[in-house]
Amino acid sequence: MSGSDLVFYILALMTLCFGVLTVTSRQIFRAAVYLLFCLLGVAGIYFWLNYQFLAAVQIVVYAGGIVVLILFSIFLTQQSGEKLPVPAVSRKFFSALAAFCALALVLVSVFRFSFAESGKRSALVSMSQIGEKMLSPGEGGYALPFEVISVLLLAALIGCIVIAIKTKPDAR
Amino acid sequence: MIYTVLVLLIVLFPLAGFLFPALWGRSLFKKSAGPLTVVLMTFSFLLSAYFAYLYFFEFGYQQGAYRRFLFPDIPWLEFSGALAIRMGAYIDAVSVMMLLTVTFVSLMVHVYSLWYMKHQERYAAYFAYLSLFTFSMLGLVLSSNIFQMYFFWELVGVSSFLLIGFYYQKPAAAAAAKKAFIVTRFADVGFFIGILILSFSAGSMDFETILHKLTTPGSDALNTAAAQTFLGISALSWGAALVFMGAAGKSALFPLHIWLPDAMEGPTPVSALIHAATMVVAGVFLIARLFPLYAITVPGVQEFIAWVSAVTALMAALIACVQTDIKRILAFSTMSQIGLMMLSLGVAKYEAGPVPGYTASLFHLFTHALFKSLLFLCAGIMIHFVHNNSIWKMGGLRKYLPLTHLFFLAGCLAISGIPPFSGFFSKEEILLAAYRNYFPLYVLVLITSAVTAFYMFRMYFRTFWFYNLKGPTEKETEIEVPALIPLVLLAIGAVLGGFIPFGNFVTSDGHRMPFHFDVRFSLLPVILNLAGIFVAMWFYKTKNKRSDIVQEKAWKLYLLLSEKFYVDHLYEFITRKVIFQVIGRSAAWFDKNIVDGMVNLSGEATQYVSAAFRKLQSGKVQLYALYFLLAILALALITILK
Amino acid sequence: MTEPGLYHILTLSALLFCTGMYGFFTRRNLITLLMSVELMLNSVNLNLVAFDRYVWPEKTEGLFFSLFIIAVAAAEAALAIAIIIHLYRTHKSIDVQEAEELKY
Amino acid sequence: MSLLLILIIPILTAGAVLLCKTDEQVKWTALAGSLAQLGVSVALYFLFVRERAITGQESLILFEERYPLLSDAGIFLHVGADGITVGMILLTSFVLAAGVLASWNIVYRVKEFFLLLLLLALGAFGFFISQNLFLLFFFLELSVIPKFLLISIWGSGKKEYSANKLALMLMGGSALILTGILLLYFNGGRTFEIHSLSRVVFSDRLQQVVFALLFVGFGVFTALFPFHTWVPDGHSSAPTAGSMFLAGISMKLGGFGCLKIAMYLLPEGALYFSHIIIVLSVIGILYGALATMMQKDLKYINAYSSVSHVAFSLLGMGMLTQTAITGAVMQMISHGVMTALFFAVIGMVYERTHTRMIQEMSGLMKTMPFIATVFFISGLCSLGLPGFSGFVSEMTVLTGSWEKDSVFHRTVTIAAAASLVVTAVYILRATTKIMMGPPQLPGENAVTDANTKERSAAILLTAGIVWIGLFPAWLTALIKPDVQQIMKRIAGL
């Protein structure tokens with residue numbers, strides 16, 4: 001087992017463990033921190049796969065953006081020290097069963113299907129390439145999705161403001 | 001051409017008399033409706049008199065017989081093939097005679113009403129209805145097409161409804177009007193189906209064609225029609241019988257007579273019109289119109305008609321003996337007399353040359369129109385005078401109403417068949433026809449005639465003699481001059497009408513029929529009638545208890561008669577208990593609960609199902625996710641396992 | 001243990017996905033639900049990247065899809081948190097079991 | 001003249017109504033529009049007669065216009081008129097004008113009310129002139145929604161229930177119709193054009209299936225027994241003009257569809273189901289009449305009597321003879337005008353007495369002679385008195401039915417004729433009860449007679465029934481060639 005392999009397994013284990021902790025921890029603040037680590041693990045896997053840009057984005061947007069957002073919202077909505085309720089056993093059991101079924105189904109279908117792996121290693125995609133592709137309207141370019149995403153982000157921005165805006169007490 | 005215009009005008013004057021007061025009766029013609037319609041009716045009558053003169057003496061009699069003419073003949077509604085409703089005027093001796101009778105009696109009633117209905121509410125409407133009634137009847141008698149006759153037949157029905165229910169605020173009047181309409185309507189459905197059978201058999205709706213095709217022995221139409229049977233009776237017999245059902249409804253023959261006594265709720269002049277010239281004689285006219293069909297093709301039905309009419313005549317006469325309402329007595333007498341007319345048509349055997357029974361029937365129709373309207377108009381004066389219909393409230397009226405007394409007596413003598421009054425001659429003819437063809441019916445007619453004399457004079461003596469009514473406190477005039485004119489004219493007709501050589505004008509085939517008179521034959525009926533009168537005199541001329549004693553002794557019979565043989569009760573039971581309560585109510589129940597229930601059930605079923613589904617829509621996000629997952633799993637499984 | 005390859009990453013991604021799913025079903029707090037969703041999104045991204053890396057290395061679709069998903073996820077997270085905060089204001093709770101009405 | 005004018009006028013009027021500021025303006029605009037429509041319809045009749053005389057060919061769809069909407073899917077804006085259509089258009093514009101006049105006293109949401117009324121009329125007009133099944137279905141649906149709203153907003157009594165019931169049952173009928181139309185579309189060469197579909201030879205089996213679908217679907221609209229239960233509730237809850245439209249026009253949409261779509265396109269189906277139609281319609285006739293006898297609410301009386309009368313036209317169709325079908329069309333038109341009149345009068349009575357229960361009224365003749373007279377006239381028309389339209393049409397149906405000389409057909413004809421007595425019973429029962437008798441006045445307005453607007457509405461409709469009743473020949477001449485066309489298709493089998 002090479003070092004690279006070991007790194008992968010460690011990353012995978014870390015991702016999974018923190019993932020499980022995220023969904024089981026009874027303290028919401030901790031859950032958020034576990035999520036952060038989980039996401040970092042995923043970023044690590046990206047690094048391991050040689051997708052540095054993606055990994056960077058993962059860290060910046062997820063770890064830096066979303067998790068911080070989540071933490072803020074926890075601060076805004078949660079009384080400190082309050083523990084999350086324990087879900088009922090039956091609920092846990094059936095959820096686990098459902099998750100297991102889904103897992104089994106996915107794994108069965110994944111392993112029944114043999115993917116035509118190409119032996120080639122992908123060429124390292126440089127940031128400038130990504131930038132060009134992102135803005136190129138021609139063949140293999142992503143200008144349209146890019147624009148769509150920007151509109152979406154704008155819409156989300158406005159939506160957030162509209163939804164979260166404080167209504168005056170007399171307006172209700 | 002000139003004849004067409006004449007006929008049209010005769011019919012259109014009464015129509016105008018309806019339309020003007022009906023449309024502007026509460027504004028323009030509020031006061032003048034009566035005189036206006038009288039003037040229009042006068043025109044109509046004068047024109048029909050002129051037309052009758054022209055027909056009988058100028059153009060009608062050709063080559064030894066009265067001919068038939070069709071003046072205007074316009075297609076009105078075409079069905080298919082030759083079947084069509086055509087609006088035409090069928091001119092023959094009968095219809096001309098009817099034209100004259102109807103317009104004359106109607107004019108008399110109009111004039112009389114000027115006095116009788118003075119200061120009444122809805123004065124204009126009254127005259128409008130009277131004119132409508134006359135118009136409908138004129139249209140009916142002129143009909144050249146059996147469907148056209150049905151058209152006017154129904155109009156006559158509705159006019160009678162309007163007039164009987166004229167005092168609409170009286171519940172009894174409203175009920176009577178409704179009853180008259182519904183009973184005749186019931187009969188009319190039979191008439192309608194009869195029309196369909198006859199006209200489809202003949203391939204035409206014109207009287208001319210129907211009579212021609214269905215009375216020529218061996219014709220195709222007759223053979224095919226005779227081949228079709230239903231319940232062992234040929235289709236043609238059914239058709240003829242159903243047409244007779246319609247006639248029976250209008251002419252108040254047993255068992256469809258129940259509307260007639262109640263129809264007395266209308267104003268008295270209206271009763272005069274209904275009984276004398278319009279509604280009730282329509283049935284007789286219809287059967288007379290189709291007489292060859294009955295006499296040649298379906299003699300079985302004709303015999304049936306004779307028996308039904310005989311039963312009606314006798315029954316009505318018997319009931320009349322115990323009635324107390326002066327108008328009801330007259331109503332039952334009408335029923336009885338109409339029965340006699342119909343009987344005469346029923347017993348008349350078809351033979352080459354003029355049929356005496358046929359002429360007798362129409363002759364009686366004619367004389368009856370005169371004396372019955374006279375009697376009703378007199379009754380109107382009496383009621384007007386004592387303000388009551390009951391003969392128990394009258395008595396000794398001869399002092400107060402001397403003129404009316406004379407007229408009424410003339411009418412009673414005429415209807416009782418005492419020579420030389422008009423009724424004697426026409427009844428004589430009927431008796432003769434019955435004597436020749438059906439002896440049992442002859443006996444029945446004799447009895448009826450004697451009973452008629454009895455109850456008419458019972459009424460006469462009870463109202464004009466018996467005891468002296470206490471004089472009215474205020475001095476009331478008996479009658480005004482305008483109203484006297486119709487009484488005088490009708491009285492002249494009732495007294496002298498019998499001397500018209502009717503057989504010279506109206507016969508079954510247009511050929512003139514000599515008038516014959518045999519004293520030996522007339523002796524028996526006259527004696528019987530006089531006996532009836534004397535019995536009535538014995539009971540009622542002076543104040544006595546004789547009638548009460550008889551009534552107590554034979555109370556069962558009395559009850560049976562005064563309850564009109566319980567026919568009304570039977571009808572009441574059938575309509576109210578059976579049709580309304582059982583059939584109607586169950587239909588309504590079925591609709592409300594079963595049919596509507598099915599609809600509501602389907603609605604509720606939908607609600608149940610959606611309620612079940614609504615539970616799924618709990619608003620719980622996680623449940624939705626679970627459904628989502630399950631669905632994905634199911635889909636994936638299907639794809640994988642496929 | 002063999003050399004990690006496509007199947008390893010797919011397995012990892014499936015496990016991560018099911019973990020997220022488990023969390024989605026068991027949790028009641030809306031924020032934790034959101035976290036579970038993020039887990040699932042990440043597993044999807046992993047998948048895409050893995051296919052991009054092992055099956056079609058000469059193409060870049062996987063990469064770009066991941067990028068876009070991250071962008072969408074960011075937007076979604078922002079919106080979700082806005083909704084959560086609004087819900088908290090109106091209901092004083094962000095328990096998903098209590099937020100059943102479609103109104104408000 | 002373009003036939004599209006028939007559609008344009010209601011649309012323009014609706015637009016003008018939208019722009020109006022006051023209620024008074026709305027009413028006058030609607031009245032002007034409906035009168036213009038009436039004028040155009042009458043003009044259409046004369047033009048149609050002239051055109052038909054010029055072309056010489058008797059049965060022809062005239063004034064055809066065809067514009068592609070979605071021509072790939074066989075959907076065209078294709079309009080045209082034959083004699084039956086012209087009759088129906090005349091009927092609809094009569095009822096529209098009278099309906100507007102009769103709704104003069106509406107006070108709540110006037111603009112919306114007249115807008116919906118015009119929309120309903122538009123749906124009916126469009127339905128009658130459509131020569132494309134898709135278009136036809138579109139207009140049919142267009143007429144359902146306003147009914148729902150008219151009842152649920154301006155109605156009375158248990159209006160929500162009635163409105164829901166009506167809308168759901170009619171929608172159910174529409175679903176069947178749509179299925180039938182789609183079956184025709186896919187089996188008839190992907191076209192919705194009636195003309196093209198009429199040339200396709202469908203298999204017998206398909207014809208039977210589609211005929212059943214279409215006939216039942218349209219039958220719901222025209223209150224075919226046992227799908228009639230929306231009628232009493234719908235009518236009783238609807239506002240006056242709503243009832244007038246519902247009974248006067250909506251029910252005729254169904255009859256028209258049964259005849260011109262189901263029977264015309266699928267003659268084999270008509271032949272196959274003839275007996276069933278006859279039995280159902282005779283049940284409808286008698287049963288509707290008997291159920292009417294027991295009703296106490298004036299609107300229920302007229303609603304059930306409508307079930308009975310409309311079944312007459314279904315009977316005529318089922319009989320499959322030239323005369324009977326002619327009678328069926330006449331009955332549709334006649335009943336449309338008559339029942340609109342009846343409902344208008346009932347509305348007038350209700351407005352004054354605030355009750356529709358016959359036992360609570362008496363002697364209205366004294367205080368409102370005009371209304372009483374019109375009530376009586378419409379009653380007489382209903383019971384088939386000569387001189388009014390009901391007589392002509394019912395007699396034509398019955399005479400046409402008699403042409404079939406099997407025991408079955410004769411028996412049902414006699415049964416149907418027997419209903420004339422029952423009709424007389426319930427009409428006279430209601431009339432004598434409320435118009436005659438000692439005056440008794442519920443409601444403080446009971447002393448006023450009809451006003452000018454109400455009088456105009458009543459006179460307009462009365463003129464219609466009297467005109468048809470006295471001079472039926474023009475109507476038979478108008479519709480006969482088209483009926484012949486249908487008969488030819490049926491006889492051609």
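How are α6(B) and α17(D) oriented to each other? In this predicted model, helix α6 of chain B and helix α17 of chain D, residues 407–435, pack with their axes 9 Å apart and at an angle of about 170°. Angles over 145 degrees count as roughly antiparallel, and α6(B) and α17(D) are therefore roughly antiparallel to each other. On the α6(B) side, the residues that meet α17(D) include B:Ala174, B:Ala177, B:Phe181, B:Ile182, B:Phe186 and B:Phe192. Among their partners in α17(D) are D:Ile414, D:Ala417, D:Leu420, D:Val421, D:Val425 and D:Leu428. Sorted by class, this helix pair brings together 16 nonpolar, 1 polar and 2 charged residues. B:Lys178 and B:Arg185 of α6(B) are also part of the contact, as is D:Thr432 of α17(D).

Zooming out to the chains, the contact between B and D takes 36 residues from chain B and 40 residues from chain D. On the chain B side, β3 (69–78), α5 (146–164), α6 (171–202) and α24 (567–616) each supply at least two residues. The most comes from α6(B), with 13 residues. The side of chain B that touches chain D divides into 25 nonpolar, 4 polar and 7 charged residues.

Some pairs of chains don't meet. Chain A and chain D do not touch, and their nearest C-alpha atoms are 28 Å apart. Likewise, no contact joins chain C and chain D, where the closest C-alpha atoms lie 24 Å apart.

What about the chains themselves? Chain C has 3 helices and 0 strands, and its elements run α-α-α from the N terminus on. The radius of gyration of chain C is 17 Å, well over the 13 Å that the globule rule gives for 104 residues, so chain C is more spread out than a compact globule. Its C-alpha atoms fill a box of roughly 50 × 30 × 15 Å along the principal axes. Chain D, in turn, has 19 helices and 2 strands. For its 493 residues, a compact globule would have a radius of gyration near 23 Å, and the 21 Å of chain D agrees with that. The box filled by the C-alpha atoms of chain D is roughly 65 × 60 × 45 Å, again taken along the principal axes.

Within chain B, another helix pair can be picked out. Helix α12 (residues 279–289) packs against helix α16 (residues 356–386) at an angle of about 155°, and the axes are 11 Å apart. That makes α12(B) and α16(B) roughly antiparallel to each other, and α12(B) passes α16(B) in a left-handed crossing. From α12(B), B:Val281, B:Val284 and B:Ala288 meet B:Tyr358, B:Ser361, B:Leu362 and B:Leu365 of α16(B). This contact has 6 nonpolar residues, 1 polar residue and no charged ones.

A few backbone details are worth a look. The peptide bond joining B:Phe254 and B:Pro255 is cis, with omega about 5°, and B:Pro255 sits in the loop between α9 (235–251) and α10 (259–262) of chain B. Chain D has a cis peptide bond from D:Phe225 to D:Pro226, with omega near 0°. D:Pro226 is found in the loop between α8 (204–221) and α9 (230–237) of chain D. D:Phe63 is not a glycine, yet has a positive phi of about 55°; this residue lies in strand β1 (residues 62–70) of chain D.

As for confidence, the predictor gives the complex an ipTM of 0.71 and a pTM of 0.80. Chain D averages a pLDDT of 87, and 98% of its residues score at least 70. Chain C averages 84, with 92% of the residues at 70 or above. In chain C, the highest confidence is in α1(C), at a mean of 90, and the lowest is in α3(C), at 86. Where pLDDT is low, the predicted coordinates should not be read in detail.

Definitions and conventions. Residues are numbered from 1 along each chain as its sequence is written. Chains are lettered from A and ligands numbered from 1 in the order in which they are written. This is a predicted model: local features need pLDDT of at least 70, side-chain atom pairs count only at pLDDT 80 or more; totals for chains, interfaces and linings use all residues. Axes are lines fitted to C-alpha atoms, for helices over the stretch in contact, and angles run from 0 to 180 degrees between N-to-C directions. Helices (H or I, at least four residues) and strands (E, at least two) are DSSP runs, numbered from the N terminus. Angles under 35 degrees count as roughly parallel, over 145 as roughly antiparallel, 65 to 115 as roughly perpendicular and the rest as oblique. A crossing is left-handed if the near helix is turned anticlockwise from the far one by less than a right angle, and right-handed if clockwise. Two residues are in contact if their C-beta atoms, placed from the backbone, lie within 7 Å. Ala, Val, Leu, Ile, Met, Phe, Trp, Tyr, Cys and Pro count as nonpolar, Asp, Glu, Lys and Arg as charged, and the others, Gly among them, as polar. pLDDT is the predictor's confidence in each residue, from 0 to 100. The radius of gyration is taken over C-alpha atoms; the globule rule is 2.2 Å times the number of residues to the power 0.38.
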